Amino acid sequence: MKGQVFAITLVVMSGVATFIMFISTMDSLNLTRNKFYQDYSFADVFVHLKRAPESLKEKIKEVPGINLVETRVSAYVKLDISGFNEPVNARILSIPDDGKPLLNRLYIRKGRLPDPFKDNEAVVNENFAKAHGFNLGDQFAAIINGKWKKLTITGIALSPEFILLMKPEAMSPDFKRYGVLWMSRKALSKAYNMDGAFNSVALTLYPGAKLSDVLRELDNIVGRYGGFGAYGRKDQISHRLLSEEFKQLQTSSRIFPTIFIFVAAFLLNVVMSRTINTQREQIATLKAFGYDNIDIAIHYAKLVVLIIFAGLITGIAGGIWFGHILGDIYMEVYRFPFLIYTLQPWVIIASILVSIASALVGTLHTLWRAAKQPPAEAMRPEPPAQYRVSLIEKIGIGRWLTQPSKIIARNIERKPIRTFFSVIGIAVACGTMISSGFFKDAVDYMVNVQFVLSQKEDMTVAFAELTSHRAVYELKELEGVHYAETFRIVPVKFRYGHRSYKTVINGIEPDSRLHLLLDTNLKAVSLPPSGIMLTDHLAKILDVKASDMLTVEVLEGSRTIRQVPVVALVKQYLGVMGYMDLAALNRLMSEGDAVSGAYLVTDSRYREKLFQDFIKMPRVSGTVVRTDEIRNFHEVQAKGMLFFTFIATLMACFISFGVVYNNARIAFSERSRELSSLRVLGYTRGEISYILLGELALITLIAIPIGFILGYWLCAYIAQALASDLFRVPLIIETKTFSLASAVVLVSASVSGLIVRHKLDHLDLVEVLKTRE
Amino acid sequence: MSRKKEHADNLKELVFQVQDLTKTYKMGEVEVHALRGANMELYSGELIVLLGPSGSGKSTLLNILGGLDTATSGFVSYRGDDLTKANEQSLTEYRRFHVGFVFQFYNLISSLTARENVTVVTEIAKNPMIPEDALALVGLTDRLDHFPAQLSGGEQQRVAIARAISKNPEVLLCDEPTGALDSKTGIVVLEALERINRELGTATAIITHNVDIASMADRVVHLSNGKITEVTINKTKKSPGELQW
């Protein structure tokens with residue numbers, strides 16, 4: 001039983017370890033985030049505007065429900081970093097001159113805050129500093145309001161506002177090309193003409209304040225100062241991405257441990273029924289001595305607990321270890337001052353109780369059977385096993401089967417429940433493996449749709465302010481630019497019935513060659529001259545369909561409210577937004593031919609030259625390079641994905657090894673007598689191995705296609721559970737993922753097969769003939 | 001040429017020759033001398049009984065003759081081939097083509113019917129009988145499609161005998177074939193063995209500790225404490241029907 005206990009230990013260990021790993025990582029991140037938020041006063045509400053006098057702060061304070069208010073100066077700048085010839089952008093935020101921000105306080109890892117009387121000092125965020133190898137005293141330049149300015153790093157900091165830092169229009173974080181700088185309010189106000197004024201507000205609410213009321217009131221107040229729409233934490237990008245991550249962890253913590261517990265319970269059931277069968281006589285003897293049913297049941301229940309005990313202990317230890325690894329992986333991307341690893345006692349207690357309970361439930365039937373057996377009956381040897389001609393033979397295939405093949409068919413059919421669960425167990429291993437490969441397939445597919453099929457530009461250039469369409473000619477004249485198309489981004493709130501959603505409308509040129517809109521079959525659709533197209537997920541959120549009239553509230557400038565017909569839906573896996581013809585959007589805004597940026601096709605030989613040109617062009621505020629985007633997207637995913645794939649592969653191996661090995665061992669112990677008899681009759685080792693391993697091979701081969709189906713379902717569930725406004729996971733599973741999954745199952749099945757084959761080769765032919773079973 | 005005729009012609013052909021055979025094995029800490037220099041022969045067409053109390057070494061001897069076990073020292077030949085020098089593969093082949101076994105506890109495959117339990121052997125043999133014929137020889141024509149669980153002990157043992165002879169073996173080795181049966185059923189089984197020996201001329205060795213069974217043999221080999229103490233020849237063999245115990 002040693003080998004089987006080991007196999008069960010592996011499975012229980014995997015279940016407990018993954019449970020503890022996911023839950024403890026989630027709890028740790030949650031606790032760390034909450035503590036960071038609390039200790040560093042993360043704001044509840046944010047609003048950006050064009051420019052408002054400082055006196056407006058008092059008016060904001062009067063809004064019922066608002067507690068602390070802090071005004072800031074914020075700007076989006078280009079950086080010029082010597083030795084790094086690519087476009088780098090940063091957000092600059094002001095720090096009060098007294099050096100004591102009320103909200104979103106900085107955790108200074110190194111150095112100090114900038115001197116309020118110096119306009120050339122800045123604190124940078126840690127990821128950015130790390131990506132460029134910056135240290136205190138290092139210098140770089142920033143184009144601040146059109147002026148090239150050299151800045152010295154006085155500090156390296158973390159902020160609750162930027163735990164995950166992502167460029168607003170980007171698809172994944174890029175620490176090298178986007179950073180946050182903090183400078184003194186005085187210096188920044190001067191540079192941006194914001195003396196006695198502000199363009200960003202952060203505030204906290206009193207407990208019980210109604211967020212939607214505050215946001216509405218706030219929008220009313222800042223509206224005429226060019227407000228871009230107030231939003232709460234849930235729309236704050238860093239907070240939101242983190243919450244999505246928690247959701248993923250929660251999904252995983254539900255799915256994987258459940259699978260393991262199910263498999264462990266099944267394995268225990270098989271092992272315990274075999275053990276109890278072989279110990280019938282001992283049970284009878286004990287009962288004859290006066291032990292009652294409860295005593296017997298407790299005895300075997302103790303055995304069950306003992307068997308899973310090792311799995312529990314190693315699982316808890318492994319879970320803590322994996323939790324730390326996973327925590328560290330998150331810390332690479334999510335910046336907290338420190339990670340408070342926490343493992344709540346209930347998690348351990350729950351994993352112990354659930355494991356024991358499911359193990360006992362799995363063996364309940366057998367325990368009960370053992371307990372209620374009358375002693376006299378139990379002392380008699382078990383009658384010969386009853387067999388029938390198998391179904392497969394009845395349909396006429398029988399006469400083609402050799403006797404060993406018939407033995408296989410009848411054994412499989414004789415224990416249909418065990419066969420069923422074995423098939424399901426192996427199928428689950430196969431499915432788990434598929435679900436791990438699925439993440440990569442889905443991400444590759446998303447990247448392909450987003451960056452290859454839909455967005456064909458090499459670079460996106462954003463203008464600092466709304467600009468006339470004519471600006472594009474300036475770009476087209478640059479050496480190295482082959483082609484350019486303009487676009488306009490307008491922040492809006494869509495309303496349909498009682499539902500609403502804040503996002504943007506992207507106005508693109510009709511018949512755009514660079515920004516293709518795709519229908520659900522990923523065929524390019526042309527943009528109609530009027531009306532709006534919505535991404536499919538947004539339509540779902542708003543519950544609108546094509547031809548419905550949608551209310552569009554513009555969140556900038558004139559703050560127009562219009563009814564716009566939805567003309568069609570477009571497929572998009574990343575983000576949610578609306579698309580309009582650029583001209584139609586400008587008509588809606590009642591603003592000439594304004595554009596907010598351009599998509600470019602460029603000559604890669606001129607890339608560095610173009611970057612330099614853009615740094616010098618005051619109109620250009622930022623640049624996104626498509627190849628960087630794709631690379632980043634993969635890089636950010638890669639590390640976490642590698643870890644998950646590793647864990648999933650390990651788990652799949654443990655499950656399939658555990659199930660196949662247990663089956664093999666049980667089959668071996670049940671059949672070693674018959675197999676020895678056949679050896680005595682002149683069957684070779686290979687021939688008797690066929691009977692035992694053929695059965696396992698058949699079960700494994702049946703299980704693999706079922707595993708494909710289970711894997712597909714599992715992926716569908718995961719895709720649906722992870723779907724969010726930020727991204728939808730397409731249900732795409734590549735052939736190689738299926739192949740790899742079956743390969744892993746086959747290899748682990750073969751390993752258990754080889755171990756049993758070794759035992760078959762060393763059958764004691766003499767011993768087995770002497771004894772009655 | 002019929003088997004019966006052949007049997008008469010080759011009556012004195014040597015099948016097994018055993019010389020100074022010893023077998024020692026360890027049982028935990030204790031060394032057990034199962035055989036301490038045994039010598040014997042078995043001739044074609046002969047039926048011998050190996051008689052002795054339990055622990056006398058008769059099963060060990062039979063296992064070595066059957067190629068299931070190897071000797072510690074000494075010499076065993078089967079039709080001139082040295083079994084003590086045979087490797088695992090040739091022993092398997094030897095069992096497959098030349099030896100039929102009957103065990104005390106039948107050792108049938110419970111998932112196969114009577115007919116299939118015989119077929120399991122005929123499928124791999126070189127010159128097998130038709131399974132139904134083998135079962136007819138032991139009087140089981142009407143139980144062909146019954147599974148072991150549906151057969152009585154005696155019937156199961158007769159299936160085992162049919163299985164053993166169906167490959168047309170040179171020798172039939174039977175280890176306490178009636179050990180698990182009542183005397184009446186045991187006699188039916190012995191009758192089957194005797195008939196096979198008589199009609200097919202298969203050299204047969206039967207292990208028993210039952211003295212009465214010895215009187216149906218051509219020769220009786222007495223074993224005690226790992227040695228062959230005496231070999232007696234039955235001038236007049238009894239038929240199994242005349243036996244009583």
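This is a predicted model: local features need pLDDT of at least 70, side-chain atom pairs count only at pLDDT 80 or more; totals for chains, interfaces and linings use all residues.
Let's begin with a helix in chain A. Helices and strands here are DSSP runs numbered from the N terminus, helices being H or I with at least four residues and strands E with at least two. Helix α6, residues 237–278 of chain A, has 42 residues and reaches 62 Å from its first C-alpha to its last, close to the 62 Å expected at 1.5 Å a residue; that expected span is 1.5 Å times one less than the number of residues. Is α6(A) enclosed or open? Of its 42 residues, 30 are buried, so the helix is largely enclosed by the rest of the structure. Buried means under 20% relative accessible area, exposed over 50%, and partly exposed in between, using a 1.4 Å probe and protein chains only.

That brings us to the cores. A nonpolar core is a set of buried Ala, Val, Leu, Ile, Met, Phe, Trp, Tyr and Cys residues joined through side-chain atoms within 4.5 Å. The largest one has 114 residues, and among the members touching the most others are Ile259(A), Val263(A) and Ile655(A). Which element gives the most to this core? It is α6(A), with 17 residues. A second, separate core of 55 residues includes Leu696(A), Leu769(A), Tyr94(B) and Val99(B).

Back to Ile655(A) for a moment. Leaving aside neighbours within four places in sequence, Ile655(A) is in contact, meaning heavy atoms within 4.5 Å, with residues including Val11(A), Phe260(A) and Thr432(A).

Now, where do the two chains meet? The contact takes 34 residues from chain A and 28 residues from chain B. About 2800 Å² is buried between them, with carbon and sulfur atoms giving 57%; buried area is the accessible area (1.4 Å probe) that two parts lose on being put together, summed over both. Across this interface there are 5 salt bridges, each a side-chain nitrogen of Lys or Arg within 4 Å of a carboxyl oxygen of Asp or Glu. Lys406(A) forms a salt bridge with Glu116(B), with the closest N and O atoms 3.2 Å apart.

Setting aside neighbours within four places in sequence, its contacts include Arg679(A), Leu68(B) and Arg95(B).

Finally, the strands of chain B. Two strands pair if DSSP finds at least two bridges between them. Strand β9, residues 219–224 of chain B, is mostly covered, with 5 of its 6 residues buried. β9(B) runs parallel to β3(B), joined by 4 bridges, and pairs with β10(B) in the antiparallel sense over 6 bridges. β9(B) and β10(B) form a hairpin with 2 residues between them, and Asn225(B) in the turn has a positive phi of about 55°.

Elsewhere in chain B, 4 strands form an open antiparallel sheet in the order β2-β1-β4-β5. β2(B) and β5(B) stand at the edges with a single partner strand each, so one side of each is left without a neighbour in the sheet.

Notes. Residues are numbered from 1 along each chain as its sequence is written. Chains are lettered from A and ligands numbered from 1 in the order in which they are written. Side-chain values use heavy atoms; hydrogens and water are left out.
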